[in-house]
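Subject: Structure for you to look at, with notes

Dear colleague,

I am passing on the structure we spoke of, and my notes on it follow below. Please keep it open beside this message as you read.

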Amino acid sequence: LKYTPEHMHCHATFYGHQVPPNTGILAIQRLSGNIPDFRIAATGVALELDASFDIVKKLKLVGTPSKIYRNTAFISGMFNSDLEV
């Protein structure tokens with residue numbers, strides 16, 4: 001969701017109970033028994049029910065190589081926080 005342009009739609013696949021289309025969905029980032037706070041990570045509606053689906057992740061990472069060995073390279077600057085990693 002971080003890379004979705006502002007005020008644009010994003011399609012996501014979630015695993016959970018079957019719900020009819022147009023049912024509201026609320027995603028909470030972390031809910032612990034010790035911490036009374038929570039953060040709403042996403043809201044949306046269910047578009048369809050489908051037991052068989054393919055999840056494809058396309059990811060383009062850009063960084064600067066800091067150490068290069070024969071078959072290994074250490075890349076810096078690819079992520080800005082631990083959450084992104």
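For aromatic pairs, the rings of Phe, Tyr and Trp (its six-membered ring) are paired if their centres lie within 6.5 Å, and planes under 30 degrees apart count as stacked, over 60 as edge-to-face and the rest as tilted. By this rule the count comes to one aromatic pair. The ring centres of Y69 and F74 are 6.0 Å apart and the planes stand at 85°, so this pair is edge-to-face.

Before going further, please note that this is a predicted model, in which local features need pLDDT of at least 70 and side-chain atom pairs count only at pLDDT 80 or more, while totals for chains, interfaces and linings use all residues. Residues are numbered from 1 along each chain as its sequence is written, and side-chain values use heavy atoms, with hydrogens and water left out.

On accessibility, buried means under 20% relative accessible area, exposed over 50%, and partly exposed in between (1.4 Å probe, protein chains only). Y69, with 48% relative accessibility, is therefore partly exposed, and F74, at 46%, is partly exposed as well.

Next, the strands, which are DSSP runs of E with at least two residues, numbered from the N terminus. Strand β3 (residues 64-68) and strand β4 (residues 73-76) run antiparallel and are joined by four bridges, where two strands pair if DSSP finds at least two bridges between them. I68 has A73 in β4 as its bridge partner, and a hairpin of four residues connects β3 to β4.

The loop between β2 and β3 holds both A46 and L49. A46 has a relative accessibility of 5% and so counts as buried, whereas L49, at 48%, is partly exposed. Contact here means heavy atoms within 4.5 Å. With neighbours within four places in sequence left aside, A46 is in contact with V19, P20, P21, N22, T23 and I25, and the C-alpha atoms of A46 and N22 are separated by 5.2 Å although the two are 24 residues apart along the chain. L49, not counting residues up to four places away in sequence, touches Q18 and V19; its C-alpha atom is 7.6 Å from that of V19, which is 30 residues away along the chain.

N22 itself lies in the segment before β1 and has a phi near 70°, a positive value in a residue other than glycine. With a relative accessible area of 65%, N22 is exposed. In strand β2 we find A42, which is partly exposed at 26% and whose C-alpha atom is 6.0 Å from that of L26, 16 residues apart along the chain.
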